[in-house]
Amino acid sequence: METPLEISFHNMPSSKKIEADIRKRVAKLDKIYGRLTGCRVSVQLRSKRHRTGNVYEVHVELLAPRSMLVVSREPHRVKERHANADVLTSVRDAFNAAELKLVSYKKKRLAKERARRKASAQSRRQEETAAG
């Protein structure tokens, strides 16, 4: 990546363990699509609830040439909110979604590139037949 990874924590103290997990997951995303130029990850503690568990929200912004992919994982349903009281589980879910989105983006970019190459090759053939 061209720019360093940015990790921020809101309403909670930073943690070396969480940062290490995030760095490992970003490295995996960089292996999937090596043209990433930057990444920002934000981990936010939405509410502190001692009975039902804390609610964590994780945002992942991936910067690629000519585009930005954003994944925001916030539990929407009551069951989901109380099922993932662990911050590492919320980070895992966000990065799983980011991985799926990145793979989809990579496939679209490759398809566009193949179509552009095919069109370019056809136009060269037409020029050669017209000149020849």
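**Figure 1. Isoleucine 7 comes out partly exposed, at a relative accessible area of 22%.** By the cut-offs used here, buried means under 20% relative accessible area, exposed means over 50%, and partly exposed is what falls in between (1.4 Å probe, protein chains only). A quick note on the model: it is predicted, so local features need pLDDT of at least 70 and side-chain atom pairs count only at pLDDT 80 or more, while totals for chains, interfaces and linings use all residues. Residues are numbered from 1 along each chain as its sequence is written, and side-chain values use heavy atoms, with hydrogens and water left out. Isoleucine 7 sits in strand E1; helices (H or I, at least four residues) and strands (E, at least two) are DSSP runs, numbered from the N terminus. Skip the neighbours within four places in sequence, and isoleucine 7 is in contact with Glu19, Ile22, Arg23 and Val41, where contact means heavy atoms within 4.5 Å. Valine 60 is 53 residues away from isoleucine 7 in sequence, yet the two C-alpha atoms are 9.5 Å apart in space.

**Figure 2. Four strands line up as an open sheet in the order E1-E2-E3-E4, with mixed pairing.** From one strand to the next, the twist averages 10°. Two strands count as paired if DSSP finds at least two bridges between them. E1 and E2 (residues 38-47) run parallel and share five bridges; within that pair, isoleucine 7 has valine 41 of E2 as its bridge partner.

**Figure 3. E3 and E4 make a hairpin with two residues between them.** This pair is antiparallel and is joined by seven bridges. Leucine 63 has methionine 68 of E4 as its bridge partner. Arginine 66 lies in the loop between the two strands, E3 and E4, and has a phi near 65°, a positive value in a residue other than glycine. Is arginine 66 buried or exposed? Its relative accessibility is 71%, so arginine 66 counts as exposed.

**Figure 4. Asparagine 11 is another stop for anyone checking backbone torsions: it has a positive phi of about 60° although it is not a glycine.** For background, most residues other than glycine have a negative phi. Asparagine 11 belongs to the loop between E1 and H1. With a relative accessible area of 56%, asparagine 11 is exposed.

**Figure 5. Helix H1 (residues 16-32) lies across E1, E2 and E3 (55-64).** H1 runs at about 140° to E1; axes are lines fitted to C-alpha atoms, for helices over the stretch in contact, and angles run from 0 to 180 degrees between N-to-C directions. Together, E1, H1 and E2 make a left-handed β-α-β unit. As for the handedness rule, a crossover is right-handed if, with the strands pointing away from the viewer, the path from the first strand over the helix to the second runs clockwise.

**Figure 6. Isoleucine 22 of helix H1 has a relative accessible area of 0%, so it is buried.** What does isoleucine 22 touch, not counting residues up to four places away in sequence? The list is Leu5, Ile7, Val41, Val43, Val91 and Phe95. Isoleucine 22 and phenylalanine 95 are 73 residues apart along the sequence, but 8.5 Å apart in space from C-alpha to C-alpha.

**Figure 7. Helix H3 (residues 87-131) is 45 residues from end to end.** From its first C-alpha to its last, H3 reaches 65 Å, close to the 66 Å expected at 1.5 Å a residue; the expected span is 1.5 Å times one less than the number of residues. Buried residues of H3 include Val87, Val91, Phe95, Leu102 and Tyr105. Among the elements that cover the buried residues of H3 are H1, E2, E3 and E4.

**Figure 8. Zooming back out, the protein chain has three helices and four strands.** Along the sequence they follow the pattern β-α-β-β-β-α-α. Of the chain's 132 residues, 30% count as buried. Take the contacts between residues at least 6 apart in sequence, and 60% of them join residues at least 24 apart. The chain exposes about 9,000 Å², with carbon and sulfur atoms supplying 49% of it; accessible areas come from the Shrake-Rupley method with a 1.4 Å probe, and for residues only the protein chains shown count as cover.
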